[in-house]
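Student: Please take a close look at one part of this structure. I would like the side-chain packing and the aromatic rings explained, with each term given its cut-offs.

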Amino acid sequence: MNRKSEKKVVREKRNRVDQDSPWKDLLDLLFAEFINFFFPDAYEQIDWSIKVEFYDKELQEINRKSKLGRRYVDKLAKLRLKTGESV
């Protein structure tokens, strides 16, 4: 890969991250509403009195160590179900 194409790849990654940030921020703020809208059955099983924990840094570390191809998941959350089970 030549220098010009390396710069283009870096610029594309930076743009993708910049476009992704507002969505991730909204998801942090409106996570319960998101789950309720897209997964209403799951929403009913979650104990929303327990704070949702997000593991963005841990997920980034896993992704960095992984040698897999394209990845789609970039938000990781820990929830407590009404049964007491953590997921």
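**Core and rings**

Tutor: Leu 81 touches Gln 45, Ile 46, Asp 47 and Val 87, leaving out residues up to four places away in sequence; contact means heavy atoms within 4.5 Å. The model is predicted, so local features need pLDDT of at least 70 and side-chain atom pairs count only at pLDDT 80 or more, while totals for chains, interfaces and linings use all residues. Residues are numbered from 1 along each chain as its sequence is written, and side-chain values use heavy atoms, with hydrogens and water left out.

Leu 81 and Ile 46 also belong to the largest nonpolar core, which has 7 residues, the others being Leu 27, Phe 31, Ile 35, Val 52 and Leu 79. Such a core is a set of buried Ala, Val, Leu, Ile, Met, Phe, Trp, Tyr and Cys residues joined through side-chain atoms within 4.5 Å. Buried means under 20% relative accessible area, exposed over 50%, and partly exposed in between (1.4 Å probe, protein chains only).

Phe 31 is also part of a cluster that ring pairs form with Tyr 43, Trp 48 and Phe 54. Rings of Phe, Tyr and Trp (its six-membered ring) pair if their centres lie within 6.5 Å; planes under 30 degrees apart count as stacked, over 60 as edge-to-face and the rest as tilted. The whole structure has 6 aromatic pairs. In one of them, the centres of Phe 37 and Phe 38 are 4.9 Å apart and the planes are at 85°, so this pair is edge-to-face. Phe 37 is exposed, at a relative accessible area of 64%.
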